[in-house]
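Hello,

Here is the structure I promised to pass on. Please open it alongside this email, and my notes follow below.

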Amino acid sequence: MKPARFEYVAPTTLDAAVKALAAASGEAKILAGGQSLLPLLNFRMARPALLVDLNGIKELSFIELRDDSVVIGALTRHREIEHSPLIASSLPVMSAAMRHVAHLAIRNRGTIGGSLSHADPAAELPMMAMFYCARLTVQGPEGRRTIAAKDFFVDALTNCLAPEDIVVEIEFPILRHDGWAFEEVARRYGDFALASIAVSIRRGRSGLDDARVAVMGVADTPLRLAAVEQQLRDIEIDDRMPDRFSELVTSSVTPNDDLHASAEYRKHLLGELARRALRTALAAKG
Ligand SMILES: Cc1cc2nc3c(=O)[nH]c(=O)nc-3n(C[C@H](O)[C@H](O)[C@H](O)COP(=O)(O)OP(=O)(O)OC[C@H]3O[C@@H](n4cnc5c(N)ncnc54)[C@H](O)[C@@H]3O)c2cc1C
């Protein structure tokens, strides 16, 4: 199918883009990499009166270190994140996750702002935003504001933005940890995940000083498992720790059945991935 008729503008400044969105009274859509939006237009599941193309706004594309965070411009392509030495050294879990995002052609065009805004519950970048407790800077008609990732993802394919809002940049605080792992199962290479887990730990004298755990594919949004992180800190490090971790993770999620997998199967996958991920993270040091 072909899209319904729409008008098209390609502003070169953020202010002009916000004005164009505001003038359209909720009838406009932002175009970034187009990898999720264009199929929706072609199937006429979205029928915006206006497309506001962000690709001419050069200030939206960057990766930089700011204090203890890495900040990524919303128009930065998946491929740039995948190959960034700064991301590899400062956000290694994200670097590993990027290799699971779709196919090369999609990674060449897809952007981080588009992926977060699309809010697919089985997409790697929304999960990374939850994992790193990212903060999104958003510009709307009233100016800029910051939204924590945990407040940004509202439901499957639903974020908290107003139609005039543009995600401008995303700040990822760096975790000072010494072991980490990212594990995922998809039916084929490049498919969305059936289940996935990210783990990062810092060892103390007898147990873990700090832990971070996020999962996806098992709920309507990616989840950070803060209660599991706390419980993990209370467990002694020994050979049984990965099994106990696996139990904690599976008992804290309630996936749904869907076309791709049963809830039971997703839970089973997640448990196995959790075990594997913690073994890898623990093996990094000690
Ligand atoms: C076959 C296929 C397989 C895929 N597999 C995966 C996968 O395994 N993992 C994965 O993570 N992703 C996957 N994707 C999605 C891909 O990563 C997309 O690129 C991404 O989800 C959307 O990014 P985009 O820049 O193309 O956004 P677009 O398609 O341009 O936009 C997506 C949505 O976000 C809005 N938007 C875009 N930018 C902004 C902004 N700055 N501020 C506010 N709203 C904005 C748009 O209006 C639209 O609603 C897949 C896509 C396809 C087609």
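Serine 200 counts as buried, because its relative accessibility is 4%. The model is predicted, so please read everything here with that in mind. Serine 200 belongs to strand β12, which covers residues 195-203. Its side chain has a partner. The side chain of serine 200 makes a polar contact with the side chain of histidine 177, at 2.7 Å.

**The ligand**

Now the ligand site. Which pocket does the ligand take up? The space taken by the ligand is the largest pocket. The shell has 32 residues around the ligand. The closest are Ile30, Gly34, Leu37, Thr111 and Glu124.

What is the make-up of the shell? Its residues divide into 14 nonpolar, 14 polar and 4 charged. Several elements contribute. At least two shell residues come from each of β2 (28-31), α7 (112-118) and β10 (166-173). Helix α7 gives the most, with 5 residues.

At alanine 102, a backbone N or O atom lies 3.1 Å from an oxygen atom of the ligand. A polar backbone atom of serine 115 is 3.4 Å from an oxygen atom of the ligand. For glycine 190, a polar backbone atom is also 3.4 Å from an oxygen atom of the ligand. How much of the ligand does the protein bury? Taken alone, the ligand exposes 980 Å², and the protein buries 89% of that.

**Helix α8**

Glu124, named above among the closest residues to the ligand, is also one of the buried residues of α8. Is helix α8 enclosed or open? Besides Glu124, the buried residues of α8 are Leu125, Pro126, Met127, Met128, Ala129, Met130 and Phe131. Just after α8, cysteine 133 takes a positive phi of about 55°.

**Asparagine 159**

Asparagine 159 sits in strand β9, residues 158-159. Is asparagine 159 buried or exposed? Asparagine 159 counts as buried because its relative accessibility is 18%, and the cut-off for buried is under 20%. A polar atom of the asparagine 159 side chain lies 2.8 Å from the backbone oxygen of serine 117. The side chain of asparagine 159 also reaches the backbone nitrogen of leucine 161, at 2.8 Å.

**Two loop residues with positive phi**

Serine 25 lies in the loop between α1 (14-23) and β2. Its phi is near 50°, a positive value in a residue other than glycine. Serine 25 counts as exposed, because its relative accessibility is 60%.

Aspartate 67 is in the loop between β4 (63-66) and β5 (69-73). Phi of aspartate 67 is near 50°, again positive in a residue other than glycine. Is aspartate 67 buried or exposed? Aspartate 67 is exposed, because its relative accessible area is 76%.

**Pairs separated along the chain**

Alanine 97 is in helix α5, residues 92-98. With a relative accessible area of 0%, alanine 97 is buried.

Leucine 51 is placed in strand β3, residues 50-53. Leucine 51 counts as buried, at 2% relative accessibility. The C-alpha atoms of leucine 51 and leucine 31 are separated by 6.2 Å, with the two residues 20 apart along the chain.

Histidine 100 is found in the loop between α5 and α6 (104-109). Histidine 100 counts as partly exposed, because its relative accessibility is 28%. From histidine 100 to glutamate 82, the C-alpha distance is 9.9 Å, and the two are 18 residues apart in sequence.

Best wishes

Notes. Residues numbered from 1 in each chain as written. Predicted model: local features only at pLDDT ≥ 70, side-chain atom pairs only at ≥ 80, totals over all residues. Heavy atoms only, no water. Near = heavy atom within 4 Å. Polar contact = N/O pair within 3.5 Å; in protein donor to acceptor, adjacent residues only side chain to side chain. Areas by Shrake-Rupley, 256 points an atom, 1.4 Å probe, with all protein chains shown as cover. 1 Å grid on protein atoms, 1.4 Å probe; cavity = no way out; pocket = protein on both sides within 12 Å on 5 of 7 lines; lining within 4 Å. Sits in = over half its atoms within 2 Å of the grid points. Helix = DSSP H or I, 4+ residues; strand = E, 2+ residues; numbered from the N terminus. Nonpolar A, V, L, I, M, F, W, Y, C, P; charged D, E, K, R; others polar. Buried < 20%, exposed > 50% of the residue type's maximum accessible area, 1.4 Å probe, protein only.
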